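Colleague: Could you take a close look at the salt bridges in this model and describe them for me?

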Amino acid sequence: MGLSPNDIFAPFGLEHARGIVAAVSGGGDSLALLFLLKDYLATLDDAPPLTAVTIDHRLRGESRREAEDVSVLCGAHGIAHRILAWDEPKPSGGLAAAARSARYRLLVQAAREAGADFIATGHTQDDQIETFLMRRERSSHSQARGLAAMAVRSILENSVELIRPLLDVSRQDLRDELIGRGIVWIDDPSNSNTDYERPRVRLTTAAKADPEVVLAQIALASATRKRDNAALIAALADPYSLAIDPLGSICLDAGIYTALPENPRRLLSGLLASIAGGRRFLPGDTERSRIERVLSGQEKSGRLTVFGSLIERGENRLAHCFRRERRNLPTMHLAPGEHIVWDGRFRLANRSKHIFDVGAPGRQELSDFAKAAGLEIDAVQREALLVLPALYSDGRLARLLSINEQNPAEGIPDGNLGQIHIERHFALFDHVLPGYDFGLANAVERQFGRKCPNFYKPD
């Protein structure tokens with residue numbers, strides 16, 4: 001008896017979807033996903049539209065032809081299909097990670113263009129086991145959060161839900177499904193290229209591992225991650241646990257921090273360092289240990305810079321503080337009608353017809369601007385403004401982020417500078433948010449919201 005599409009897809013509520021994008025490379029896993037999904041949608045009274053999307057990474061000469069073969073197959077079965085190419089220059093190092101990032105970015109693009117709110121991928125139980133083994137080899141911590149492996153659900157770019165419906169299905173079962181349907185798949189030669197980490201693990205460690213033992217270890221790691229998240233969510237329920245002050249510093253109640261168990265305590269400090277530094281990932285085990293030593297008073301110095309953030313220990317029961325360090329701050333172009341994420345901390349949209357640059361002001365530049373505008377800025381305010389975005393027009397500093405307002409800016413109309421919309425961006429959550437962490441992200445949202453000061457412009 002073959003696989004049951006209903007058992008696989010019913011838990012995801014796809015009957016409420018606006019549209020679904022299926023990531024289809026032409027390999028056995030993704031083709032099985034596509035045809036099982038097609039069968040499931042056929043059982044719904046008002047099924048959402050399905051679009052198969054193939055990402056041509058342009059890494060092999062035959063990749064375009066393989067993508068076109070997928071298109072022909074989809075056409076024969078009445079399935080809409082698109083090919084999107086990764087045309088950017090390829091990095092000399094970290095190619096697999098760059099390709100994965102490009103793949104998800106292009107899938108999100110395809111989903112948005114199709115009006116779809118779900119992306120489905122064909123990751124299997126075998127992939128889950130390999131992911132665990134890869135992360136275990138890299139980790140120095142037996143309870144590392146990544147050992148929970150891939151989440152069944154995730155949110156991409158704060159807008160599209162990624163689902164992995166086949167994580168409980170073996171690769172062989174999917175191939176048997178395709179054989180039964182008379183469908184031929186493509187075997188990508190890169191899947192056996194041991195220059196890449198996953199094929200190397202697949203052909204060595206994973207080939208020798210007992211799947212049941214590894215799956216039990218994944219379940220244990222998942223339970224540990226959920227336990228740590230729950231402890232942190234409970235602590236964040238205290239309205240005084242966290243705050244962002246008017247100058248953008250994150251303030252953490254020292255007593256609440258100290259009372260947490262070790263794992264949630266290190267998780268919280270790492271999470272705040274990532275948010276303050278505009279980073280997409282948590283600091284590693286070593287960095288989180290350093291933060292712990294500083295905040296617990298084990299280090300003589302009460303200050304630490306790590307992961308783009310400056311961390312200061314609160315003395316005499318004062319709050320610990322996390323803010324952006326003044327280094328490696330970007331300058332970005334903001335064209336009319338475009339939006340950018342600046343420094344992983346702010347999202348800006350240009351709703352005007354004017355061209356701007358966005359960057360942090362220099363110390364002398366800020367002093368000259370304040371003097372010309374008749375602004376009185378004290379030392380604490382000055383340090384804050386030096387790591388916040390400012391608008392530049394024709395190469396000149398035109399507007400600063402407000403040091404007074406705490407309400408979100410819906411738009412800033414101005415005859416010369418146009419209309420700019422700005423809101424907080426949490427790089428840690430807003431690019432890829434695994435389902436494991438939905439509750440944790442919501443707890444942080446309740447404390448921080450998405451409040452962002454208005455731009456400040458002198459009268």
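**Salt bridges**

Modeller: A network of salt bridges links Asp29, Asp127, Glu130, Arg171, Arg175, Arg198 and Arg202. The term salt bridge is used here for a side-chain nitrogen of Lys or Arg within 4 Å of a carboxyl oxygen of Asp or Glu. By this rule there are 34 salt bridges. The model is predicted, and local features need pLDDT of at least 70, side-chain atom pairs count only at pLDDT 80 or more, while totals for chains, interfaces and linings use all residues. Residues are numbered from 1 along each chain as its sequence is written, and side-chain values use heavy atoms, with hydrogens and water left out.

Side chains of opposite charge can pair when their charged atoms come close. Glu177 is buried, at 13% relative accessible area, whereas Arg181 is partly exposed at 30%. Here buried means under 20% relative accessible area, exposed over 50%, and partly exposed in between (1.4 Å probe, protein chains only).

Asp56 and Arg58 form another salt bridge, with the closest N and O atoms 3.0 Å apart. Asp56 is buried at 1% relative accessibility, and Arg58 is partly exposed at 41%. A salt bridge also joins the side chains of Arg60 and Glu62 (2.9 Å, N to O); of this pair, Glu62 is partly exposed, with a relative accessible area of 29%.
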